[in-house]
Amino acid sequence: MTKVVVSEYLQEAYLDLLRVGNDVVSDSELYRDRTRLLEEVADADAIFIRNRTRVDADLIAAARRLRVVGRLGVGLDNIDMDGCAEAGIRVVPAVGANAVSVAEYVIGAMLILTRGIYGMTGSMVSGDWPRQGHAFGHEVAGKTMGLIGYGSIARHVASRAGALEMQVAGFDPYLDVDDPVWGSVERLDLDSLLAAADVISLHVPLNDETRNLIDDAALSKMRPGAVLINTSRGGTVDETALAAALREGRLGGAALDVFDTEPLGPGPAATFAGVPNLLLTPHVAGNTHESVDRVASMIVTEVLRALDDRAI
Ligand SMILES: NC(=O)c1ccc[n+]([C@@H]2O[C@H](COP(=O)([O-])OP(=O)(O)OC[C@H]3O[C@@H](n4cnc5c(N)ncnc54)[C@H](O)[C@@H]3O)[C@@H](O)[C@H]2O)c1
């Protein structure tokens, strides 16, 4: 019988589908117990993972029968792709399945940070009427959204920003100048984008080129009062430099969904203590009821097809 290991969370309805004709070992915490994980994959034909299970050389060597890795998400940095290719293991990621959820997070974070009125509830409930001054933040209409990386998610952000009457600019050296996907998006180099954008959103993979792409030098090229949003991968933004820029009031705000160290933990979290105009979320930008269901449906279908040409 075909054996399937599920080492992170998968909805029960999809586990039931997998159980038809397959021996399924499922434990949403299995990725934490490396010894047991390597034992379970030794005779497995397929494994379902999210971003916590490391599919590295040790796992590939242990998994002698493994034919397919179903990645319930899109990031591949926890998977040794070359090692899988050499071992003839197919990797199936959920490309595009949570792009809309991430794009909506970016737009929501942008509106919250540029308007600056959504933190008043506590003060209202305590009986205050915090209406000093005449202006509360900025409109986004007419402002510029700068996208670093213009792949699948960035394009969903671009269309939504356009609907809000923003100008959209992008930096993506790997996308041909003549590629029609640029459409009305202005193609800029990184420095010009940093200087032009009122809101900057990162949508790149993490690699040697993008590590610390937004460091202190890049932050100082951004417009005073600009907003930075990172839903891509931790490590692309220098967190210490960002915290300093926010403390010094050089930036208008920032939203981070991804971090150098995940989970953040007390040490790294201290970097952000008392930092103003900062939204932090625990790598959930892509997780909505709709996207979680779409991801599971896509990957379970693809993996079953890869195993024996069955579709659900
Ligand atoms: N926070 C979340 O919940 C969440 C959910 C989904 C995806 N992500 C992450 O979002 C990021 C984008 O995902 P996607 O699906 O849009 O990926 P994608 O592959 O469709 O797009 C990435 C783009 O980045 C470009 N790029 C690569 N190197 C670059 C560089 N040095 N400078 C500028 N551009 C560069 C590529 O050409 C590509 O167009 C990934 O890192 C992914 O892991 C996060």
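A polar contact is a pair of N or O atoms within 3.5 Å. Keep that cut-off in mind for the first stop of this tour, which goes through a predicted model.

**Stop 1: the ligand**

Select the ligand, then Ser152. A backbone N or O atom of Ser152 lies 2.8 Å from an oxygen atom of the ligand. Move to Gly151, where a backbone N or O atom is 3.5 Å from a ligand oxygen atom. Next select Asp172 and show its side chain: one of its N or O atoms there is 2.6 Å from an oxygen atom of the ligand. On its own the ligand would expose 870 Å², and the protein buries 84% of that.

Now show the whole shell of 26 residues around the ligand; Ser152, Ile153, Asp172, Val204 and Asp257 come nearest. Colour the shell by class to find 11 nonpolar, 11 polar and four charged residues.

**Stop 2**

In soluble globular proteins, nonpolar side chains tend to be buried together. The largest nonpolar core here has 32 residues, and Ile148, Ile214, Leu219, Leu228 and Leu242 touch the most other members. Among the elements that each supply at least two residues of this core are strand 7 (167–171), helix 8 (190–196), strand 9 (199–202) and helix 9 (216–221).

A second, separate core has 26 residues, including Leu175, Val185, Val199 and Ala285.

**Stop 3: backbone exceptions**

Most residues other than glycine have a negative phi, and most peptide bonds are trans.

Pro263 sits in the loop between strand 11 (253–256) and helix 11 (266–269).

Go on to Asn277, in the loop between helix 11 and strand 12 (278–280). Is Asn277 buried or partly exposed? Asn277 is partly exposed, with a relative accessible area of 46%.

Finish at His283, which lies in the loop between strand 12 and helix 12 (289–308). His283 is partly exposed, with a relative accessible area of 22%; a residue counts as buried under 20%.

Note on methods: Residues numbered from 1 in each chain as written. Predicted model: local features only at pLDDT ≥ 70, side-chain atom pairs only at ≥ 80, totals over all residues. Heavy atoms only, no water. Near = heavy atom within 4 Å. Polar contact = N/O pair within 3.5 Å; in protein donor to acceptor, adjacent residues only side chain to side chain. Areas by Shrake-Rupley, 256 points an atom, 1.4 Å probe, with all protein chains shown as cover. Nonpolar A, V, L, I, M, F, W, Y, C, P; charged D, E, K, R; others polar. Helix = DSSP H or I, 4+ residues; strand = E, 2+ residues; numbered from the N terminus. Buried < 20%, exposed > 50% of the residue type's maximum accessible area, 1.4 Å probe, protein only. Core = buried A, V, L, I, M, F, W, Y, C linked by side-chain atoms within 4.5 Å.
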